[in-house]
There are 2 protein chains.
Amino acid sequence: MKKYNTSPLSGMQELLPTEQAVFDQLKQNISDVYHHYGFLNIETPFIERADILLAKAGGDTEKQIYMVSKTAESADSADQALRFDHTVPLARYVVEHNNDLAFPFQVTQINRNFRGERAQRGRFREFYQCDCDIIGREKLPIAYDAKVIACIYDALATFNLPKMLIRISNRKVLAGFLATIGAEAQSGEIANIIDHAEKVPQEKSEAALRELDLSEETVAKIVAFMFTKGDYDTVEAKLTEILSGKLEDVREGLDELKQVFSILSAKPEMTDKVTIDLMIIRGLDYYTGTVFETFLQDYREIGSISSGGRYENLASNFTEQKFPGVGGSIGLTRLFFVLNEYKLLAKEQAESVPLDYCILPMSENEIPFAMTVAATLRAENFKVDIDFDTRKLGARLNRAAKLARFAIVIGDQESASREVEIKNLTTGEKSKRQF
Amino acid sequence: MKKYNTSPLSGMQELLPTEQAVFDQLKQNISDVYHHYGFLNIETPFIERADILLAKAGGDTEKQIYMVSKTAESADSADQALRFDHTVPLARYVVEHNNDLAFPFQVTQINRNFRGERAQRGRFREFYQCDCDIIGREKLPIAYDAKVIACIYDALATFNLPKMLIRISNRKVLAGFLATIGAEAQSGEIANIIDHAEKVPQEKSEAALRELDLSEETVAKIVAFMFTKGDYDTVEAKLTEILSGKLEDVREGLDELKQVFSILSAKPEMTDKVTIDLMIIRGLDYYTGTVFETFLQDYREIGSISSGGRYENLASNFTEQKFPGVGGSIGLTRLFFVLNEYKLLAKEQAESVPLDYCILPMSENEIPFAMTVAATLRAENFKVDIDFDTRKLGARLNRAAKLARFAIVIGDQESASREVEIKNLTTGEKSKRQF
């Protein structure tokens, strides 16, 4: 008989321990790869000054922000809020600590952020984002864009995912293209149409373009542009054709794209997993050059499972110093939810037994030897439970089977001989070991 | 020229990457030991229903609680708050999911909690607590109390701390003692005086006791009680003396204390690190049996660095089912701050170089081979940065020396021969390796 509603609040992902173990393993995999790539971990507070968070937020984000106040209200707790992403706090961090950081500053943040979105299946109000960013001072070579994408790829490749595809583009190519065809004035609307093109029939995108007061020829060029994809040479040839050879305005973007693509496709395991695709825009105004999204080829309906890009100036709201950056993010809470829905975590789940050993002393007298056995196994890096329960052995072995791969029952004989029988709880196989 | 105040809010611990690496290592050590002991990780939301959090909070905690609301206020975001500890959310979690949990449920939570405390040096408003708890259904054998304490000890023993001392007591001993000497009526005040006795001169504690309208003899017995410590036999003998052999009312508490102490002192590395000490009370009403605190023997002024105890019914606010538990917590944010102040993290800091290798390709042409070298080293579990910077080599090597233990410079010769020189950035030693 409950006295309170003990369910978590709507929009919160609360997992059982066995699910949590899978989630934690995926998070650890991502973190390991980020660290192997040389990214340094930082943690910023969850609570920030509201004016810092709202400096650029605007629109939906501003509506979704959680404000924070103390019950016993005092001046210093006014105007505080929960961060909604890692990027704004990172910008603040870089400005605040820039004298103590070695640039390029390769940084990772893996933690929860908060958005009071409308409650909806698969949308979460607290959600893990696994970000990696590289921040330069004044300038940052384009090869770092490839590095971030390679790192995100390697992180996702630790999951047992079916065929991944990383689609990359460059905002400068789009901007140069629209300048060349004389459609700069409508660039915001056009970018928006391209950004949504994948989710609607082609005719609908074309109709939307026609509403922008563009000539049929221009519409045709934009449609040809947004379906341009492939390796670098293919894309350059196609653009040359669409623009009748006038590549001046897209040259800088193409050169960046070429460099990023050639570094990535030179990585043997990525060769057939990376493509240039000019339909990739990334909604945010924020990005200025490279943009990328990651998909599962056989599950396109899932949408992008990670994304990122280049931003010319991370901290422009907070300082006049220039900190160009490139970063990527894996939205792990949503990804975990979706992969579960599509039963794509079966292998991880099958492998996820929480503990290695469960040791069951038959009486209090066997506790000292049980602790010796446990200490030895823990020193060998195993996860070891000692069950002190006083129920019948059958019930205790049932609990052990839910939690561990092996069980060791310790009676007076085992304590005396220091030899135990190790039972494999999956196969039933038994073996002996001396402690 | 900043446009905003970019410092973190008062009461927040924000670390530089090198400090963060030490912090993360300590957190990982604790987590590893908890997992080796068979505790399963869970994560509960940061935001909970305010009524759940306030069900028992009261007093200071209620004043310190952070309320949360969306800017675009709607019914469902009213009455939400940030959790102030792991225990209340754990109680909710156990009630909510009890049908899916295997009891005894051994659970760890390592994450931040929130308290809007008065800003004060060394007091934090967001702080990591590393909790381990064992929750039974209906009953929970006393040996689990020893297990929690042993686990906390082993977790702290992974730090390079000077002499630790775990002081244990049992609330039932205090309660039985006060009943025997006829001072039950003042038990709250007496517990409070004992709880603070360590921080004031003995005369002050005695004066405080005299104000409670107790006989001189009773005051003398209480003073003798609170200075009782040592191994089990010593403590039992002393109590027998103080109570003139009338041990009936303290028997249950003494038996529990005996069992916990004997299990712990049988652990070879703990033998001289654990003592019974009846001055240990733990302020919270919450505890019902075993209580413990951990100190550094040579730094008693730091106070307790971890603590915990037995609570008869975790979830009494939320259900009529009985879930007895025992748990402990390491307050890592404060501990990290204090250990830094006392320069007790020197060894960890010296060992904490963020990266293993920094690879410096001399031009874009060397990037493919640099990536091959990096991939090989990453597969060997090393943390490897590739520096694509275009500054002079000297500046790039300076950055490498701040971040990594080894540097590898890659020019056209290295790319051709696939042999590189590995420079130890600490000793200057050089060695060759083929990739």
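**Reading a predicted two-chain model**

User: Which strands of chain A and chain B are joined by bridges, and how do they run?

Analyst: Strand β3 (residues 66-70) of chain A is joined by 5 bridges to strand β3 (residues 66-70) of chain B, and the two run antiparallel.

User: How is chain A divided into domains?

Analyst: Chain A has domain 1 (8-162 + 298-352), domain 2 (166-270) and domain 3 (355-434). The C-alpha centres of domain 1 and domain 3 of chain A lie 41 Å apart.

User: At what angle do the axes of α8 and α9 of chain A cross, and which residues meet there?

Analyst: Two packed helices are described by the angle between their axes and the distance between the axes. In this model, the axes of helix α8 (residues 202-210) and helix α9 (residues 216-226) of chain A come within 10 Å and cross at roughly 140 degrees; α8(A) and α9(A) are therefore oblique to each other, and their crossing is right-handed. Glu206(A), Leu209(A) and Arg210(A) in α8(A) meet Val219(A), Ile222(A) and Val223(A) in α9(A), a contact that by class has 4 nonpolar, no polar and 2 charged residues.

User: What is the order of the strands in the open sheet of chain A, and why is one side of β1 and of β8 left without a neighbour?

Analyst: The sheet has 9 strands in the order β1-β5-β6-β12-β11-β10-β7-β9-β8, with mixed pairing. Strands β1 (40-41) and β8 (229-230) of chain A stand at its edges, each with a single partner strand, so one side of each has no neighbour in the sheet. Within the sheet, β5 (residues 105-114) and β6 (residues 126-135) of chain A run antiparallel and are joined by 10 bridges, and Asn113(A) stands opposite Phe127(A) in β6(A). Helix α12 (residues 332-341) of chain A packs on this sheet, touching β6 and β12 (325-331), and its direction makes about 40 degrees with that of β12(A).

User: What does the open sheet of chain B look like in strand order and pairing?

Analyst: Chain B has an open sheet of 9 strands in the order β1-β5-β6-β12-β11-β10-β7-β9-β8, again with mixed pairing. In chain B, 5 bridges join β11 (residues 306-311) to β12 (residues 325-331), which run antiparallel, and Ser307(B) stands opposite Ser329(B) in β12(B). Helix α1 (residues 17-36) of chain B packs on the sheet, where it touches β5 (105-114), β6 (126-135) and β12, its direction making about 160 degrees with that of β5(B).

User: Where is a cis peptide bond found in chain A, and which residue of chain B has a positive phi although it is not a glycine?

Analyst: Most residues other than glycine have a negative phi, and most peptide bonds are trans. In chain A, a cis peptide bond joins Phe103(A) and Pro104(A), with omega about -10 degrees, and Pro104(A) lies in the loop between α4 (87-97) and β5 of chain A. A cis peptide bond also joins Phe103(B) and Pro104(B). Glu138(B), in turn, has a positive phi of about 70 degrees and is found in the loop between β6 and α5 (143-157) of chain B.

How values were computed
Residues numbered from 1 in each chain as written. Chains lettered and ligands numbered in written order. Predicted model: local features only at pLDDT ≥ 70, side-chain atom pairs only at ≥ 80, totals over all residues. Domains from an automatic or database assignment. Pairing = 2+ DSSP bridges. Helix = DSSP H or I, 4+ residues; strand = E, 2+ residues; numbered from the N terminus. Axes fitted to C-alpha atoms, helices over the stretch in contact; angles between N-to-C directions. Parallel < 35°, antiparallel > 145°, perpendicular 65-115°, else oblique. Left-handed = near helix turned anticlockwise from the far one by under 90°. Contact = placed C-beta atoms within 7 Å. Nonpolar A, V, L, I, M, F, W, Y, C, P; charged D, E, K, R; others polar.
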